[in-house]
Amino acid sequence: GVRRADQPAGPPEMLSLLVAAPPSWYSPARNSLSTHRPWRAAVEMRHLLLRPDDPEVLTLRDALMAKSVEAQLERFQYMNERGQGMWLSQAWEAHAKDAPPGGGAAFLDALTRTESIEAYFVPTIARRQGSPNNPYLNRAASGYHTTIDPRDLARRLMACRSQLAGEWCEQLRILATGEPHERLAEEALLLGLSARAAMRSLLRDLKPLPSRRGMHAFLEAFAKEHSRDLSPAGEPEAAFAALEALPLAIAGEALIDPPLLCAELRNKTHAAGADLAGLLGGTEEEHTRVHASYLETCLRETIDAPSWDRELKKRDQQRQLEASWRVLLRRTGPPPAGPAEGGAAPGRHADMRPILPPSPDGDAGPPPGSSPAP
């Protein structure tokens, strides 16, 4: 293009890191990239980075379910409900062994469909009596039986899970602002998942650009080298500091600016944290779907539409037949019981014609089987 005379000479124009991003490397002062203030507007005008089936979201849901079970077990221990805690711990271990990622709702659904256990044996520690080799001692296991209601356990877990989801949402919103704050309870987990999702999103954005192949390879190698820091149990800030301290480099036709990459990575980390907070906000809807699925299954097992319609028609016919018999019995009286009482012989039909009422003169009508006089 045409350059004005009063405009200082600068490096040739290049595509920015992302197509929609401004050419920020033109700015001579790059110290602002290491602060959090310029990224607040980008977080507010962000686009969605995560979907419900992304691995970071599934990992977060699994961590939420595991933390809920752990908190519920602590409550059982505090309330001295040893049997409830033992059964829940065994059920969760059996489920988590073969559960797919994000299977927390499946565990709740399985609990709601499990029938109550009337006699669950809870062993206790017995006092040592006599010699261990004494054959006359009763070696029966000591303990007691208790009742386990899995559906009640599911309701308790849902309440605990909803409370934890609200707390984690607040922590994620704090992390998404980028403001200085005190150390949060689950900051390592939440920030690690957000940073890993941000790195994966940044690599996905760079991969389809032919002019950014060198930058994509550089960032992919950096992600593998710092995979421990960019993990749920890592320290993402250490990875950010290491990336920001790297010098400029040229890979093919692309200029690699590590501070700019670090700025974009922080920006996406904050956006991913906001996305995770929004997805955790749907925990109540997930619990509602579990309840609805259980009720729908109960109704489907209890009432089958075609058979229920046939049953209603059958009951209507039965009521109509009973009403007809009552009217007939009021008019004719009860039928004779058998041949000994004057009824019809076996194999022959009884005469069920109605008996005529007595005439006004007091005389009875003609007997059954006779024709009236002319």
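Biologist: Happy to look at this one with you. Which side chain meets Glu-186 in a salt bridge?

Modeller: A salt bridge here is a side-chain nitrogen of Lys or Arg within 4 Å of a carboxyl oxygen of Asp or Glu. This is a predicted model, where local features need pLDDT of at least 70, side-chain atom pairs count only at pLDDT 80 or more, and totals for chains, interfaces and linings use all residues. Residues are numbered from 1 along each chain as its sequence is written, and side-chain values use heavy atoms, with hydrogens and water left out. At 3.7 Å, N to O, the partner of Glu-186 is Lys-67.

Biologist: How many residues apart are Glu-186 and Lys-67?

Modeller: Helices are DSSP runs of H or I with at least four residues, numbered from the N terminus. Glu-186 sits in the loop between α5 (150-177) and α6 (187-206), while Lys-67 belongs to helix α2. The pair links distant parts of the chain, and the separation is 119 residues.

Biologist: Is Lys-67 buried or partly exposed?

Modeller: Buried means under 20% relative accessible area, exposed means over 50%, and partly exposed lies in between (1.4 Å probe, protein chains only). Glu-186, at 18%, is buried. Lys-67 has 31% relative accessibility, so Lys-67 counts as partly exposed.

Biologist: Which arginine of helix α5 pairs with Glu-286?

Modeller: This salt bridge has an N to O distance of 3.3 Å. The partner lies in helix α5, 125 residues from Glu-286, and is Arg-161.

Biologist: Now for the cavities. What volume does the second largest cavity have?

Modeller: On a 1 Å grid over the protein atoms alone, a cavity is a set of points where a 1.4 Å probe fits but cannot get out; lining residues have an atom within 4 Å of a point. Grid points are joined across faces, edges and corners, and a volume is the space filled by probe spheres set on the points. Two cavities reach 30 Å³ or more. The second largest cavity holds about 40 Å³.

Biologist: Which helices each supply at least two residues of that lining?

Modeller: The lining of the second largest cavity includes Leu-172, Leu-190 and Thr-269. The helices asked for are α5, α6 and α9 (258-280).

Methods. On a 1 Å grid over the protein atoms alone, a cavity is a set of points where a 1.4 Å probe fits but cannot get out, and a pocket is an open set with protein on both sides within 12 Å along at least five of seven lines; lining residues have an atom within 4 Å of a point.
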